[in-house]
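These are my notebook entries on one chain. The structure comes first.

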Amino acid sequence: MATRRRWPVARLLGLLLVASVGVFSGSELTFTLEPSDIIAVQEQPLMLHCQVDGIPPITTQWRRNGKLLLEGPGYAMFANGSLLISHFQRTKLDGSSDEGDYECMAQNPIGLLVSRKARVQAATMAEFHVQPQPVRAEEAGMARFQCQVRGLPEPLISWEKDGRPVDTQDGRYTLLPTGVLQIGGLSLDDSGVYHCVAHNSAGVRRSAGARLAVTGSKASVYKEPTIVVGPENLTLTVHQTAILECVATGYPQPIVSWSRLDGRPIGVEGIQVLGNGNLMISDVGVQHSGIYVCAANKPGTRVRRTAQGRLVVRAPAKFVQPPQSISRPVGTTAVFTCLAQGEPSPQLTWLKNGQILEPGGHVRLRNNNSTLTIYGIGQEDEAMYQCIAENSAGSDQASAHLAVLWGDGLPGAPLGVQAQALSPTSIRVSWKEPVQVTQDIIGYVLHIRKTADPLEMEYQEAVGKSTLQQVLSDLQPSTSYTFFVKAYTSRGASKPSDTAVESTLGEVPAPPSLHTRVVNGSTVQAVWEPSGKMGRHQGFKLFYRRLPSATFTGPLTFGRNVTQCNITQLEPALVYELKLLAFNQHGDGNATMRFVSLKEAVEKSVLDPPCDCLKDEQSKASTTGIIVGIHIGVTCIIFCVLFLMFGYRGRLMMCKTMQEQLATPPEVRSDALEPPAYHGSLSLNGAAPEANGAIPDKTGVDSNELGRVFLRDSLTQPYLMAGVQVSHALDETQISMLPLEDFSLAEESESKFGEPPGEASDPYGQPEEG
């Protein structure tokens, strides 16, 4: 929203600038040559260069470690700005030193500039902190010596054998800038004492001697590949040379290869292999940073050993977008942008006429200090502004000039600024013309920001000179805004008007979603969900009415956490309308309407008994248990009935079969089917009848007797029943082999077993008298 509204302001300011003096062209004040880092030699002269171009007159001065350096004995300042130190001293008699960070300052009527910092250090040569050590190696093998010494500038290392420089033309010798000497393909002639020699502008140093002893060859003995020395972690600055060492031994001689751990190609430009596997990268850049892997491979196999080292390349700060000089009318806003890159990322600092610029008041810094904004500029803001970019690899500076356009006859500030809230998203701002110089006004600019926001979050809207009010839309509800107005002429802007503060109206909640469910013929359940849009709700109001009635019942008011309600005691078979809305401190929101008919519920209740859904829901678990119990009980009863029925049918089958066998005449029955103990009828108690056919008068006979008789016969004899031969196995009842027509149930009046048909007898076997 803010970006969209700035375009009219930019066009208006463009017209103003064209009509005014315009942007400065040419160079107001700039450095053409700045001092650079240097290493000085003790008691030797040192020159620091500084050249400036700009509008004269120009004066130059120097600072060391932030303090002004006065011209005097030992220091001379030239007209072009350069500084000469006649006799550089690291430590003077008074304890001071010529070492430090030097800055050149240039000033003219436009402003003051400060150059980049130049670090001056004394050349030094320390003692060796790593001395070469004695080495014993086999003939045709490899030997390695190393020495290290600290110094400024970085010492150059050379080697001597037995007091004479080693022959660097011999390909068996590899001299690395890191102070390493590698000798390959050793022979007995390589035996001797080796010395490391370091020299720079501070002097020369010679290390202690280390003896190399070459023994007889054992090269024919197989040895696994081994990395004796792998690459070290290095931190360099761009354009330096990186040496990654890798010394591998074994028999046969392993093959050394290099790769990057991230899989990216190493490349070929500036890449060179020194000796038998050392990697040299000339003119390193940030793209060379990474982890490098040295691999020693046994020829013809996949056996290998690896070692790795990290290379970090730093890049000094460099500007991608330096600030540009601008001209702005008084009372307007000036913005400078400064973008720099480097490794690590540089920090940005702003200077105003050589002094550190602290944010505050109408000055704001944002986006990690990359943007400098000055609001409501005045004559005191006209100056040279510098952006200083600095990291551990170096620093750089860029400058820009702010020209404040000031002229007589500027209009006065607009009067009577008022703001009135129209809605949750709009406010109307109105004002009156200034008292003086109204005829030259070409337009007004309305400045808007949230009251709680910082000044840099302000945005503007430009309107014509005949417009004295503006409606601002797309604002946020329940938010306080601050407004002021400026009048513009071709010569510049007026002072800002008095501010007006107004808050947008609060926003009511959005309509909630509403769902209904008919519980029974007289009850409807309403369920709703609040909307996440617009204002925050504090509760709900529910209304309902019977159609076609025009009057709603309600409201039923609920808290913000209630989401359902049962409406009871409704009239059956009618149609009802439900209305639900959400409310907050700003009022009621729009309502959601639903229609619901109770006619279907009444028709259904004629067939189905009414149920208490709430009670059913609460007793759902117990009802399920009762149903399961009933099913289990019914199943048990069915099994019992079937068991009794089939058991009874089995006994009837056996009884009828025995009756038929006993009723058959002896001459018809087969001897094989003849019972072993009795001939004739069997009584129910299993005893043999007497000769006259009467049944003995016996009571209290065991009821299992008949079963034992039947079981004994079934175990010993097969017998025929209805033309079907049936045999019974032990403890089995064969009921599936008998057709149902072979069974009949006799009434109590029928004859007993063993009695002739048509005769009846009393329970004691006596004939019944007629």
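Is C50 buried or exposed? I find C50 buried, because its relative accessible area is 0%; buried means under 20% relative accessible area, exposed over 50%, and partly exposed in between, with a 1.4 Å probe and protein chains only.

Before going on, I note that this is a predicted model, in which local features need pLDDT of at least 70 and side-chain atom pairs count only at pLDDT 80 or more, while totals for chains, interfaces and linings use all residues. Residues are numbered from 1 along each chain as its sequence is written, and side-chain values use heavy atoms, with hydrogens and water left out.

**Entry 1: disulfides**

Counting bonded cysteines along the chain, I read the pattern as 1-2, 3-4, 5-6, 7-8.

I began with C50 and C104, which form a disulfide with their sulfur atoms 2.0 Å apart. This pair links distant parts of the chain, 54 residues apart: C50 is in the loop between β3 (46–48) and β4 (51–54), and C104 is in strand β9 (residues 100–108). Strands here are DSSP runs of E with at least two residues, numbered from the N terminus. I looked up the torsion about the S-S bond of C50 and C104, and it is about -75°, so the disulfide is left-handed. C104 counts as buried because its relative accessibility is 0%.

Next I took C246 and C294, a disulfide whose sulfur atoms are 1.7 Å apart. The pair joins distant parts of the chain, with C246 in the loop between β25 (242–244) and β26 (247–251) and C294 in strand β30 (residues 290–297), 48 residues apart. I recorded -45° about the S-S bond of C246 and C294, a left-handed link. C246 is buried at a relative accessible area of 3%, and C294 is buried at 0%.

I then turned to C338 and C387, which form a disulfide with sulfur atoms 2.0 Å apart. Distant parts of the chain are linked again, 49 residues apart: C338 lies in the loop between β33 (334–337) and β34 (339–343), and C387 in strand β39 (residues 383–391). Why do I call the disulfide of C338 and C387 left-handed? The torsion about its S-S bond is about -80°, so the disulfide is left-handed. C338 is buried, with a relative accessible area of 0%, and C387 counts as buried at 0% relative accessibility.

I also checked C565, which is buried with a relative accessible area of 13%. C636 is in no disulfide, and the nearest cysteine sulfur, that of C640, is 6.6 Å away. I found C636 partly exposed, because its relative accessibility is 44%.

**Entry 2: a sheet with β3**

I returned to β3 and looked for its sheet. I found an open sheet of three strands in the order β3-β8-β7, with antiparallel pairing; two strands pair if DSSP finds at least two bridges between them. The edge strands are β3 and β7 (75–77), each of which pairs on one side only. β7 and strand β8 (residues 83–85) pair in the antiparallel sense over three bridges. Which residue of β8 stands opposite Y75? I read I85 at that place.

**Entry 3: the largest nonpolar core**

I looked up the largest nonpolar core, which has 24 residues; such a core is a set of buried Ala, Val, Leu, Ile, Met, Phe, Trp, Tyr and Cys residues joined through side-chain atoms within 4.5 Å. F336, W350, L372, I374, Y385 and L402 touch the most other members. Elements that give two or more residues to this core include β33, β38 (371–374), β39 and β40 (394–405). I noted the general rule that, in soluble globular proteins, nonpolar side chains tend to be buried together.

**Entry 4: T479**

I placed T479 in the loop between β45 (469–472) and β46 (480–489). T479 is buried, with a relative accessible area of 14%. Apart from neighbours within four places in sequence, T479 is in contact with K450, E502, S503 and T504.

Technical notes: A disulfide is a pair of cysteine sulfur atoms within 2.5 Å. Helices (H or I, at least four residues) and strands (E, at least two) are DSSP runs, numbered from the N terminus. Contact means heavy atoms within 4.5 Å.
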